[in-house]
Structure formats: C-alpha cells, structure tokens
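These notes are meant for someone opening this model for the first time. Please read them with the sequence and the structure side by side.

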Amino acid sequence: MLNRINPRRVKTLMSNAGDRVLRPRTLITAGKTPFTEVLNNGLVRLRYYPRANTSATKHKTPLVIVPPLAINMLIYDWFPERSFVKYFQVRGFDVYLIDWGRPSREHARYTLATYVTKLLPEFLQAVRDHSGQSSLSLHGWSMGGGFALCYQAFRKDPDIRNIVTVGTAVDGHANGQIGRQYAALNRALKAVGVNFRRIPASTAYAPAWINAIGFKLSDPVSSVQGYMDLVRNLDDREFVIQHANQSAFMDNLEAYPGGVIRDWMYSIWLENEAARGFFTLGHKTVYLKDVTANLLALAGTSDKLANEHCCEPIMDLVGSRDKTFLRCPGGHTGILSGSRAPDLAWPATAEWLSQRSN
C-alpha cells in the first residue's frame, strides 16, 4: 500500500493545504486591476478604470458601477481572467466604481435617503467632472440597483441614459418562501402595533461579521459544499486559488448602516411598498414611474435571495420606454461574477450598453 503513494502528489497536497490555511493571502489574485482614485470623502471612494486600448469601439457614455452595501469590492475584480471591470474596459467603456467604504457604528444613522439623495449625487457629479460627460450609465447589483432606480426617481435626472439592475428585488413578497415569511412577519408586526420604520437606526446596525454569517446562511448547503470540494481538489492549485479568492470576498464583508437596513427592509421585504411603485426616502416619496432611463434588468435563475419573480415586476413599474428583462444562470453572486457570467450576463449587458452609449 505504501508503495502506491505518490510522493509528488503528497507534496502538492501539503503545499496547497499549507498555503490555503496558513498563507491564504499568497493565493489572492482578486483586486489587481489598476485604477485611479478620483474622489475620497473619508468613507466613500470613487475608482476610475480607464477603457483599454483595444480595437473595440470606444463608447462615449461612462459606465458607473453602483454596488450594494455590506460587500467588499473584490467581487468586481475577482480573477484576472474573470474580472467584471476589466471585461468592460476591454470593450471600450470608461468604468467608474463607487466604493462605499467601511461604515462603522458612527455611520449607523445613515439611511437610504443618505445614500440616494446625498452621497450618490455627489459621486455621480464627480464622475461627470472627471469624464467630461454628462450622460451616464448606472450598473447596480442587488441593493445597488435599488439605489440607481431611487436616484433617478428622486432627481429625475435626464442624463442617466441607461440603468442595468442585477438581482434587484422589487416585489419582496414574491420571493418564494422567504417572501411569504416576510409578508407574515409584516402582518404580525402590524397586529401588535410595531412600525419597523420607526425603530432607531442604531438598533438595526449590523456589523461586518454578522453580514458574513448571514450571507453564508442564505445558502448553507453551498457553503459547506465549497469546503468539501476544496478537500477533494486539494491537489489542484487553480481550484485552491479560486476557493481562496471566493473566501476573501465572503469572509470580508462590511457593516450595514442601521438606517439603511431599516429602510430597505421596510420598503422591499416588509411593507413591500416598492411592489406598489414607490419608495420612501426620509419624508419624501419617490415613484418608479419617474425612472425614464433605458432599463436592462437581469435576474438569476437560481437566485434564492432575489428570485426572478421578485425582480421582474420592475418592468411594469418604471416609466422607461426601452426596457428589457433577461434571465441568466446563477445565484445572487453568480449572476454578477460567477463562472458562467462571462458567457451570457456580461456579453448581453455589454451588447445592450454598446447600442445605447454613443
């Protein structure tokens, strides 16, 4: 039996295991695409990824990535060969990314209105100043899509030419069993006279470690399966590198300002007012019918956090004349930067934007 042991394979297994457990940073390839920092207000930063010098058509309208909160930015530049920002650079887009930074308890009071009516306008103006272009395309994954929609509904900004939403929930109660649970919880809260909108922002604050656990618990089978696959493929260096990069994203999420959690939970998941065509931003109500940008809405066919049934109603709610709904393979993360995203979601988005960005 001992004669059958391959010393070279054992050495590879030990080396890969040692790097993955003891030296994971040596395996990280994410976040390596160069960028320029255009603006930094102490919390939020604006990154600029200039379009690549290729034979692709140069597009006049910059692409502005509006991420959701609680994530780190590695997901947009996950692997050298599978980088969202690099993909669009190479296809002739000037890419800007709004990095929401690392909110702490001092930012717990920040609300949905803070991001939509104050921070987003400030950073979109910085994009315009830097690029020299007034017309912009916004790309929002998950809550980021909600930010983009609410921004145009609030400002009625005619120079938001295109909006792309990816896995953005609109009708929270249509999200399968999760949606039904939220609907039941909302009825229970109302029955005992609790208005979730009125809870103090500091009470709803979620530190980074809670978000990391919550994200994994949203699909616990896949989380466990990932580590089982790692053990089975420990002799595959590329697989180990991929697992380390995925963990670098999943294990390093950021905190949620309490005011945003409270407002987003109320608008999408509890009261579900977005499904009726409006959002509440502080003391102001904004209406999705005032969204007039060309709209591309993507939904993941296996997304458990925001399934296609809770994403598709956006098509009937916005005022856009040019609007497209596209189902793509993948879960909530996979639809944005998963292994299959470069096969459908990215090319479809790039083609759609190319036709509307000059």
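1. A charge is said to sit over a ring if NZ of Lys or CZ of Arg is within 6 Å of the ring centre and within 35 degrees of the ring normal. Arg-47 meets this rule over the face of Phe-35, at 4.4 Å from the ring centre. The charged end of Arg-91 is placed over the ring of Tyr-87, 3.5 Å from its centre.

2. On the basis of these notes: the model is predicted, so local features need pLDDT of at least 70 and side-chain atom pairs count only at pLDDT 80 or more, while totals for chains, interfaces and linings use all residues. Residues are numbered from 1 along each chain as its sequence is written, and side-chain values use heavy atoms, with hydrogens and water left out.

3. Aromatic rings come next. Rings of Phe, Tyr and Trp (its six-membered ring) pair if their centres lie within 6.5 Å; planes under 30 degrees apart count as stacked, over 60 as edge-to-face and the rest as tilted. The structure has 16 aromatic pairs. One of them joins Phe-88 and Phe-93, edge-to-face, with 5.9 Å centre to centre and 65 degrees between the planes. Buried means under 20% relative accessible area, exposed over 50%, and partly exposed in between (1.4 Å probe, protein chains only). Phe-88 is buried, at a relative accessible area of 0%, and Phe-93 is buried as well, at 1%.

4. Rolling a probe the size of a water molecule over the atoms shows where empty space is left. On a 1 Å grid over the protein atoms alone, a cavity is a set of points where a 1.4 Å probe fits but cannot get out, and lining residues have an atom within 4 Å of a point. Grid points are joined across faces, edges and corners, and a volume is the space filled by probe spheres set on the points. The count comes to 4 cavities of 30 Å³ or more. The largest cavity holds about 40 Å³ of space.

5. The lining of the largest cavity is made of Phe-84, Phe-88, His-139, Val-166, Leu-298, Ile-335, Leu-336, Ala-345, Trp-346 and Thr-349. Helices (H or I, at least four residues) and strands (E, at least two) are DSSP runs, numbered from the N terminus. Two or more lining residues each come from α2 (84–90), α13 (334–337) and α14 (345–354), and α14 gives the largest share, 3 residues. By class the lining has 8 nonpolar, 2 polar and no charged residues. Here Ala, Val, Leu, Ile, Met, Phe, Trp, Tyr, Cys and Pro count as nonpolar, Asp, Glu, Lys and Arg as charged, and the others, Gly among them, as polar.

6. In α14, the buried residues are Ala-345, Trp-346, Thr-349, Ala-350, Trp-352 and Leu-353. They lie on the same side of α14, because they cover an arc of only 165 degrees around the axis; the arc is that of the directions from the helix axis to the C-beta atoms. An α-helix has 3.6 residues a turn, so residues three or four places apart point the same way.

7. Two backbone angles deserve a look. Ala-70 is not a glycine, yet its phi is positive, near 80 degrees. Ala-70 belongs to the loop between β3 (63–66) and α2 and is buried, with a relative accessible area of 8%. Lys-156 also has a positive phi, about 50 degrees, although it is not a glycine. Its place is the loop between α4 (143–155) and β6 (160–166), and at 49% relative accessibility Lys-156 counts as partly exposed.

8. Leu-230, in helix α8 (residues 220–232), is buried at a relative accessible area of 8%. Leu-230 and Gln-242 are 12 residues apart in sequence, and their C-alpha atoms are 9.7 Å apart.

Conventions. On a 1 Å grid over the protein atoms alone, a cavity is a set of points where a 1.4 Å probe fits but cannot get out, and a pocket is an open set with protein on both sides within 12 Å along at least five of seven lines; lining residues have an atom within 4 Å of a point.
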